[in-house]
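Open the model in your viewer and keep the selection tool at hand. The tour goes from stop to stop, and each stop says what to select and what is there.

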Amino acid sequence: MESLTVFILCGGKSSRMQSEKGLVLFQGKPFIEHIIKAVLPITSTIKLIANNRQYDYLSYQKIPDIITDKGPLGGIYTALINSETEFNLILSCDIPLISTELLSELVSKHNQEAEITVFASESRMHPLIGIYSKKILPVIKNAIDNEDLKMMNLIAKVPHQIIKIEESENFPLTNINSADELNDLNINLS
């Protein structure tokens, strides 16, 4: 893939975490810094979809949601509108275990005919660790206009590619949504 922009979605209400998810500390660093570290060997073209000024300490461009309160779909819409590349790596801000290796696998296995490429195991799909084409902007806008905000519905509507992973590979792709999940993660890694 000749050029790729990475967008990290830093929006969300964080109601279960009770604080800004991307800034939650894990192993002494905010989640967002773990994700950026995993991305940097692939590209330095990183932008944050963020409405929160707390991310201003990072030197990356921050872009507020164009249409607010539309969940991840609204964040992806904002990302693609602001992208100058056809293909874009979209990541949520709550995946502190993501690795350069997994992201490289996603990029290298992406088939350019697919407008969305994501990982999935037998038990779950990971729609917020994926490659999204700018071509799907009209489909996303239509979904938002119709309040059809489920990520799985979007994926089903466009040519997509699923990269199969083993159940054991779900762990580094896990999103951490609550203090209990963060606590479990720290226990599992100690």
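Select Ile8, Ile32, Leu48, Tyr55, Leu91, Ile98 and Ile129: among the 32 residues of the largest nonpolar core, these touch the most other members. A nonpolar core here is a set of buried Ala, Val, Leu, Ile, Met, Phe, Trp, Tyr and Cys residues joined through side-chain atoms within 4.5 Å. Buried means under 20% relative accessible area, exposed means over 50%, and partly exposed lies in between (1.4 Å probe, protein chains only). At least two residues of this core come from each of S1, H1, strand S4 (46-49), strand S6 (87-92), H3 and S8. H1 gives the largest share, 5 residues. Helices (H or I, at least four residues) and strands (E, at least two) are DSSP runs, numbered from the N terminus. Apart from this core lies another, of 22 residues, including Leu80, Val118, Ile136 and Met151. In soluble globular proteins, nonpolar side chains tend to be buried together.

The model is predicted: local features need pLDDT of at least 70, side-chain atom pairs count only at pLDDT 80 or more, and totals for chains, interfaces and linings use all residues. Residues are numbered from 1 along each chain as its sequence is written, and side-chain values use heavy atoms, with hydrogens and water left out.

Next, select helix H1, residues 31-39. How many of its 9 residues are buried? The count is 7, namely Phe31, Ile32, His34, Ile35, Ile36, Ala38 and Val39.

Go back to Tyr55 and show its surroundings. Leaving aside neighbours within four places in sequence, Tyr55 is in contact (heavy atoms within 4.5 Å) with Cys10, Glu20, Gly22, Leu23, Ile32, Leu48, Ala50, Lys62 and Cys93.

One of these contacts, Glu20, is the next stop. Glu20 sits in the loop between strand S1 (5-9) and strand S2 (25-26). Glu20 is buried and has no salt bridge; a salt bridge is a side-chain nitrogen of Lys or Arg within 4 Å of a carboxyl oxygen of Asp or Glu. The nearest side chain of opposite charge is Lys21, 8.6 Å away. Lys and Arg count as positive and Asp and Glu as negative, while His and the chain ends are not counted. The side chain of Glu20 does make a polar contact of 3.0 Å with that of Asn52. A polar contact is a pair of N or O atoms within 3.5 Å; within protein, one must be able to donate a hydrogen and the other to accept it, and residues adjacent in sequence count only if both atoms are side-chain atoms.

Where are salt bridges found? The whole structure has 7. Select Glu105 and Lys109, which form one at 2.9 Å, N to O. They are 4 residues apart in helix H3 (residues 100-109), so about one helical turn separates them. Glu105 is buried at 19% relative accessibility, and Lys109 is partly exposed at 44%. Then select Lys141 and Asp145, whose closest N and O atoms are 2.8 Å apart in a salt bridge.

Finish at strand S7, residues 116-120, where 5 of 5 residues are buried. Ile116, Val118 and Ala120 point one way, and Thr117 and Phe119 the other. S7 runs antiparallel to strand S8 (residues 125-133), with 5 bridges, and parallel to strand S9 (residues 160-164), also with 5 bridges. Two strands pair if DSSP finds at least two bridges between them. Select Thr117: opposite it stand Ile131 in S8 and Gln161 in S9.
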